[in-house]
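Student: I have a model open and would like to go through its labels one at a time. Could you help me check each label against its definition?

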Amino acid sequence: MGATNQPPDLLPGTLDLLILRTLQRGPAHGYGIAQQLLVASENVLLVGESSLYPALQRLLLNGWVKAEWGTSSNNRRARYYQITPVGRRRLAAERREFDQLILAIHKVLNAT
């Protein structure tokens, strides 16, 4: 991690977890999800369309989110995503797994 302004890479599967957590707060369109991730991470997690929309499609196919068309705040047609009950259960499971992974990484980094 040098002094570049490039955002850090996400661990595999982390984007799904972050999207589900964002949608737990309420329905949002793709751009809104990306903006919420950027704001919540204090401008560290910049998620591009090339990562975001394939992840949203994967979440749809797994039944973890559902989508419907609506109108955005700037009066444009947008697809709004909402977490499903199955998605909420998946979020809880992924959160436990992620917490275990972070704890294990922390132990390795702090081992003497």
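Tutor: Gladly! This is a predicted model. Let's begin with the salt bridges: by the 4 Å rule, the count comes to three.

Student: What makes Asp-16 and Arg-58 a salt bridge?

Tutor: The closest N and O atoms of Asp-16 and Arg-58 are 2.7 Å apart. The cut-off is 4 Å between a side-chain nitrogen of Lys or Arg and a carboxyl oxygen of Asp or Glu, so the pair qualifies.

Student: Why is this pair said to tie together parts that are 42 residues apart in sequence?

Tutor: Because Asp-16 lies in helix 1 (residues 14-24), while Arg-58 lies in helix 3 (residues 49-61).

Student: Why is Asp-16 called buried, and why is Arg-58 called partly exposed?

Tutor: Asp-16 has a relative accessible area of 8%, and buried means under 20%, so Asp-16 is buried. Arg-58 comes to 39%, which lies between the 20% and 50% limits, so Arg-58 is partly exposed.

Student: How do you know that Glu-94 and Arg-90 meet in a salt bridge?

Tutor: Their N to O distance is 3.0 Å, and the limit is 4 Å, so the pair counts. Both residues lie in helix 4 (residues 85-109), four residues apart, about one turn of the helix. In general, an α-helix has 3.6 residues a turn, so residues three or four places apart point the same way. Glu-94 is buried at 10% relative accessibility, whereas Arg-90 is partly exposed at 28%.

Student: And what makes Arg-95 and Asp-99 a salt bridge?

Tutor: The closest N and O atoms of Arg-95 and Asp-99 are 3.6 Å apart, within the 4 Å limit, so this pair passes too. Arg-95 and Asp-99 are also both in helix 4, four residues apart. Arg-95 is partly exposed at 45%, and Asp-99 is partly exposed at 40%.

Student: How do you know that the span of helix 4 is close to what is expected?

Tutor: Helix 4 has 25 residues and reaches 36 Å from its first C-alpha to its last.

Student: Which residues of helix 4 are buried, and what do the buried residues pack against?

Tutor: Gly-87, Leu-91, Ala-93 and Glu-94 are buried in helix 4. The buried residues of this helix pack against helix 1 and strand 3 (77-83).

Student: Last one: is His-29 buried or exposed?

Tutor: His-29 lies in strand 1 (residues 28-29). Its relative accessibility is 18%, under the 20% limit, so His-29 is buried. Beyond its neighbours within four places in sequence, His-29 is in contact with Ser-72, Ala-78, Arg-79, Tyr-80 and Tyr-81.

Key. Residues are numbered from 1 along each chain as its sequence is written. This is a predicted model: local features need pLDDT of at least 70, side-chain atom pairs count only at pLDDT 80 or more; totals for chains, interfaces and linings use all residues. Side-chain values use heavy atoms; hydrogens and water are left out. Helices (H or I, at least four residues) and strands (E, at least two) are DSSP runs, numbered from the N terminus. Buried means under 20% relative accessible area, exposed over 50%, partly exposed in between (1.4 Å probe, protein chains only). Contact means heavy atoms within 4.5 Å. The expected span of a helix is 1.5 Å times one less than its number of residues.
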